[in-house]
Amino acid sequence: MTTNHNRLTIHEAHKLLKSKELSSVELTKATLERIHNLEPKVHAFTTITDELALRQAQKADEFIAAGNSNPLTGIPVLVKDNMCTKGILTTCSSKMLENFVPPYDATVVERLNGRGAVIIGKSNMDEFAMGSSTENSALFTTHNPWELSRVPGGSSGGSAAAVAAGEAIYALGSDTGGSIRQPAGFCSVTGLKPTYGRVSRYGLVAFASSLDQIGPLTQDVTDCALVLNAIAGYDTRDSTSAPQPTPDYTQCLTADIKGLKIGVPKEYFVEGIQPEVAAAIRAAITRLEELGASIEWEVSLAHTPYALAVYYIIAPSEASANLARYDGVKYGFSYSDTKNMWQAMEKTREHGFGAEVKRRIMLGTYALSAGYYDAWYLKAQKVRTLIRREFDQAFTKYDALITPTSPTVPFKIGEKMDDPLQMYLSDVCTIPVNIAGLPAISIPAGFADGLPIGMQIIGKPFAEETILKIAYAFQQATDWHMRKPNI
Amino acid sequence: MKLSREEVLHITRLARLGLTEAEVDRLSEQLSNILEHFEVLQQADTTDVPPTAQSIDLLNVLKGDEVAASLPQSQVLVNAPRREGDFFRVRAVLE
């Protein structure tokens with residue numbers, strides 16, 4: 001009986017909990033058992049919080065008994081290890097923070113706790129969310145449950161792999177250039193990056209502040225809407241948090257997409273795309289056409305080829321400023337074998353940061369430095385305007401745009417580690433969305449030789465409902481999201 | 001776009017980032033490659049285009065100057081690598 005519980009969605013588990021056919025303690029125990037069985041293969045967790053989870057589950061059961069439950073009460077969740085959890089290690093998968101226990105909760109964690117969620121652990125990631133495979137984790141690499149020799153994507157690779165493997169019913173991730181959507185695509189789960197500002201970043205360890213956004217990784221679109229309901233909304237503690245009111249995101253899940261206009265930008269189907277991926281996405285779009293959407297197959301977003309360069313100038317520039325705080329004085333790793341202040345700082349950062357983090361600090365510092373600022377950083381910000389305008393223009397004609405989430409299926413562990421530029425290119429379809437601050441969702445859309453293919457649906461700012469509706473309609477008509485890895 | 005060893009060392013000082021000799025060599029090659037690829041940016045016509053610093057057009061976000069609870073000092077200092085009483089202990093700035 002217990003093993004079946006690991007494949008429940010949030011909405012299925014909620015029904016069973018509410019009708020008392022299942023208790024949160026039973027569900028949590030089943031999940032923890034599966035985690036301990038699978039972790040030697042998957043390596044998705046940096047911390048497993050057995051005791052806390054069982055305590056929270058017990059409380060949730062009391063809550064439910066008193067008739068106070070809501071859709072997330074008593075349901076196990078995994079939190080990416082760059083979100084502060086009071087009293088629980090928050091490592092960012094970095095040596096710099098390997099012993100860091102935050103004295104406060106991130107807003108998203110506070111909101112989950114307030115709804116009686118059960119936190120089962122923290123998930124592995126690329127160090128400071130910089131990477132596309134979890135191979136940049138200073139702790140270990142997470143393996144893709146669909147084929148263990150392949151990467152789960154990144155940087156929220158631990159979150160995506162755990163949801164795919166049934167080690168978590170859902171998870172939170174963060175997305176700066178594709179870090180929710182790309183691993184969601186690689187692991188065949190549903191992953192949403194909300195509009196910039198929709199979800200509070202308070203307590204999220206900062207990477208690139210004009211791009212970072214928190215969102216859910218779930219087993220289907222209904223769950224995605226339920227989690228968004230809990231975490232979205234204004235927060236005074238994040239000055240970039242959006243004041244727009246939040247709707248009930250489950251209200252848009254009607255599967256009626258007749259008359260919706262969808263554009264397919266041709267620049268996402270060129271150079272470097274695996275033919276099986278292009279074919280699967282075209283087939284998925286055709287399915288949406290059969291469901292009543294009107295498709296324009298030849299939309300052009302001509303500035304797309306600049307997006308990668310814009311991103312890899314702006315994100316490292318912001319990161320170089322954000323990561324200046326790791327000086328060995330206030331918290332985190334501190335090199336102690338010197339009396340000289342500057343040397344202590346340099347040595348702290350030399351030993352505390354891994355190769356990719358150093359590469360990005362260097363790249364960003366260079367782009368911001370005297371003599372290079374105008375040619376690199378300012379130029380990238382101007383091209384960022386052009387990319388935004390082009391999306392704005394497209395959204396005067398279309399309700400949504402559809403692209404592959406990644407140009408390829410998951411690659412082999414080790415395959416791209418010696419060539420940073422090749423690694424950067426695996427985010428080429430997701431990056432433009434962050435540059436423009438748009439919402440986008442990745443949903444399962446097929447397989448090539450047993451490896452997952454993700455479809456990305458991009459919406460107008462704050463039009464999460466439109467993309468959720470399209471994704472929901474697709475999942476009502478297909479079963480890609482129901483397929484689970486044999487692990 | 002070729003980044004010399006000297007330029008890499010200059011950036012490490014700006015970033016207060018210690019690097020080994022091998023890292024300096026590797027980074028000057030990798031950063032040169034990456035920047036060469038990004039030179040494509042110079043082809044974009046940005047005449048009269050203003051820069052974008054953030055994507056939602058919030059301006060002058062203000063909030064009331066109200067007293068509210070914050071973390072107690074003991075909690076703020078809990079992760080300090082070195083502390084003395086209620087202070088972070090730092091190394092001497094002037095020798």
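Figure 1. The structure is a predicted model, in which local features need pLDDT of at least 70 and side-chain atom pairs count only at pLDDT 80 or more, while totals for chains, interfaces and linings use all residues. Residues are numbered from 1 along each chain as its sequence is written, chains are lettered from A and ligands numbered from 1 in the order written, and side-chain values use heavy atoms, with hydrogens and water left out. The A:Tyr326 and A:Tyr331 pair is edge-to-face, with 6.0 Å centre to centre and 85° between the planes (pairing: Phe, Tyr or six-membered Trp ring centres within 6.5 Å; stacked under 30 degrees, edge-to-face over 60, tilted for the rest).

Figure 2. Over all chains, a search of the whole structure finds 15 aromatic pairs. In one of them, the ring centres of A:Phe128 and A:Phe353 are 5.9 Å apart and the planes stand at 70°, so the arrangement is edge-to-face. The pair connects distant parts of chain A, as its residues are 225 residues apart. A:Phe128 belongs to the loop between β3 (118–123) and α5 (157–165), and A:Phe353 to the loop between α10 (341–352) and α11 (355–368) (helices, H or I, at least four residues, and strands, E, at least two, are DSSP runs numbered from the N terminus). A:Phe128 counts as buried at 3% relative accessibility, and A:Phe353 counts as buried at 4%. Ring pairs join A:Phe100, A:Phe128, A:Tyr326, A:Tyr331 and A:Phe353 into a cluster.

**Figure 3. B:Arg16 over the ring of A:Trp342.** The charged end of B:Arg16 sits 3.7 Å from the centre of the A:Trp342 ring (criterion: Lys NZ or Arg CZ within 6 Å of the ring centre and within 35 degrees of the ring normal). B:Arg16 is found in the loop between α1 (5–15) and α2 of chain B. Its relative accessibility is 28%, which counts as partly exposed. The phi angle of B:Arg16 is near 50°, a positive value in a residue other than glycine.

**Figure 4. A:Lys416 over the face of A:Phe411.** In chain A, the distance of A:Lys416 from the ring centre of A:Phe411 is 4.9 Å.

**Figure 5. Two loop sites, at A:Ser155 and B:Asp48.** The peptide bond joining A:Gly154 and A:Ser155 is cis, with omega about 10°. A:Ser155 is part of the loop between β3 and α5 of chain A. In chain B, B:Asp48 is in the loop between α2 and α3 (73–76). B:Asp48 is not a glycine, yet has a positive phi of about 60°. At 77% relative accessibility, B:Asp48 counts as exposed.

**Figure 6. A:Gln56 in helix α3 of chain A.** Helix α3, residues 50–65, contains A:Gln56. A:Gln56 has a relative accessibility of 15% and therefore counts as buried. A:Val25 is 31 residues from A:Gln56 along the chain, with 8.6 Å between their C-alpha atoms.

**Figure 7. Helix α15 of chain A.** The 14 residues of α15 (464–477) reach 20 Å from the first C-alpha to the last, close to the 20 Å expected at 1.5 Å a residue (expected span: 1.5 Å times one less than the number of residues). Buried residues of α15 include A:Ile467, A:Leu468, A:Ile470, A:Tyr472 and A:Phe474. A:Glu464 and A:Gln475 are also among the buried residues.

How values were computed
Buried means under 20% relative accessible area, exposed over 50%, partly exposed in between (1.4 Å probe, protein chains only).
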